[in-house]
Amino acid sequence: MKKLLLIALCSLLAYLLLWPVAVDPVAWQSTKASEFTGVYARNQRLAAVERLAIADDAQLHGPEAVAAGADRQLYFSTGEGWIIRHNPVTGSSERWVNVGGRPLGLAFDRSGRLLVANAYLGLQSVSRDGTIELLTDRVDGRRIEYADDLDIAADGTIYFSDASTKFGAEKFGGTYPASILDLLEHGGHGELLAYSPHTGVTTRLLDGLQFANGVAVAADSAFVLVNETGANRVVRYWLTGPRQGHSEIFLDALPGFPDNLVRDGDHFWLGLVSPRLPLLDALADWPLLRKIVARLPERFKPAAKHYSHLLRIDSNGRVVESLQDPSGGYHTITGALRTSGEMGNWLYLTSLHERSLARLRYPTGE
């Protein structure tokens, strides 16, 4: 019996130390997370959200992003490839078009086309009649592995992120499993890209990003923001002015993992999909241990925690609002879109894993 136990222990140790895995972790220095004080003080402002069913199918999930059309209806993406059209006045939803793959970021251009950052397929457009066109799936001859989020500048240029050039969403079992691998490795595989609808050319603006995620262009198109989920920060890339072509940290030491960015006038909504994971921070400078973690069963690997958190940021990188629900009632929030006028004064929330869209009266009067 002792001999069998010794063999089992040696086999387990050999597995944990030697079994081949996809990640090759890199040592890095984690920033100290901002504490839940001051503007980040814990609150219950997201506890009163109202859930909205996703069309007629409770099995649809992951309303990752939402955009408002000129027809005063909302369009949001799901994990099953659908773009759902929602009427905020009647409350009804319907399946509009299935773009295939995994649609993530959404934005309408001036002609009324819906632009889609599709994690599996690249950058797509959907015309008003539902015709789907692939705009680009390559940059410098290389396939775009994980198109994540996008926004459009005044001149029509589409800025979008390739979250990970190594851990492609389709190749590694979906957007969430691929993101966990990229965060474990911390190899700087993310990129910020630009697509010109005038020339059809895709160019690389930034590389070396730690899981490039949300993208938003400033109201005056002076700069574009891109989230680095793996570094818990937001980066600004200047499009005009004396620093054109240069980048800098816009907001750092976030208390969670930033996901989508949505412009709202001179402000931006930023979803924190989960609080920081102490295990990832603690193992930042221990690549060997992170490689061992990659060999563990899924239930022992780092995973998003259910804590609802949404930030509103001004154009100088200052957090002006922090909306939370510590219970995670509507969890893994990716971002938000504010509506007004005929569409009502609402803040619509999107999620990585939920099976419903959510909304909150905004302003809340607090």
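Which residue forms a salt bridge with Lys166? The partner is Glu185, and the closest N and O atoms of the two lie 2.8 Å apart; a salt bridge is taken here as a side-chain nitrogen of Lys or Arg within 4 Å of a carboxyl oxygen of Asp or Glu. The model is a predicted one, in which local features need pLDDT of at least 70 and side-chain atom pairs count only at pLDDT 80 or more, while totals for chains, interfaces and linings use all residues. Residues are numbered from 1 along each chain as its sequence is written, and side-chain values use heavy atoms, with hydrogens and water left out.

Lys166 sits in the loop between strand E13 (158–162) and H2, and Glu185 belongs to helix H2, so the bridge ties together parts 19 residues apart in sequence. Helices (H or I, at least four residues) and strands (E, at least two) are DSSP runs, numbered from the N terminus. Glu185 is buried, with a relative accessible area of 3%, whereas Lys166 is partly exposed at 30%. In these terms, buried means under 20% relative accessible area, exposed over 50%, and partly exposed in between (1.4 Å probe, protein chains only).

The structure holds 23 salt bridges. Arg72 and Glu342 form one of them, at 3.1 Å from N to O. This pair links distant parts of the chain, 270 residues apart: Arg72 is in the loop between strand E2 (66–68) and strand E3 (74–77), and Glu342 is in the loop between E24 and strand E25 (346–351). Arg72 is partly exposed, with 45% relative accessibility, and Glu342 is exposed, at 61%. A further bridge joins Asp109 to Arg113, with the closest N and O atoms 2.8 Å apart; here Asp109 is buried at 15%, and Arg113 is partly exposed at 23%.

With neighbours within four places in sequence left aside, Leu184 is in contact (heavy atoms within 4.5 Å) with Pro25, Leu280, Arg290, Val293, Ala294 and Pro302.

Turning to the strands, an open sheet is formed by 4 of them in the order E1-E26-E25-E24, with antiparallel pairing. Two strands pair if DSSP finds at least two bridges between them. Strand E1 (50–53) and strand E24 (333–339) are the edge strands, each pairing on one side only. E1 pairs with strand E26 (residues 356–361) over 4 bridges in the antiparallel sense, and Leu52 stands opposite Leu357 in E26.

Ile333 is found in edge strand E24 and is buried, at 0% relative accessibility. Beyond its neighbours within four places in sequence, the contacts of Ile333 include Leu46, Gly271, Leu272, Val273, His309, Leu349 and Thr350. From C-alpha to C-alpha, Ile333 and Val293 are 26 Å apart in space and 40 residues apart in sequence.
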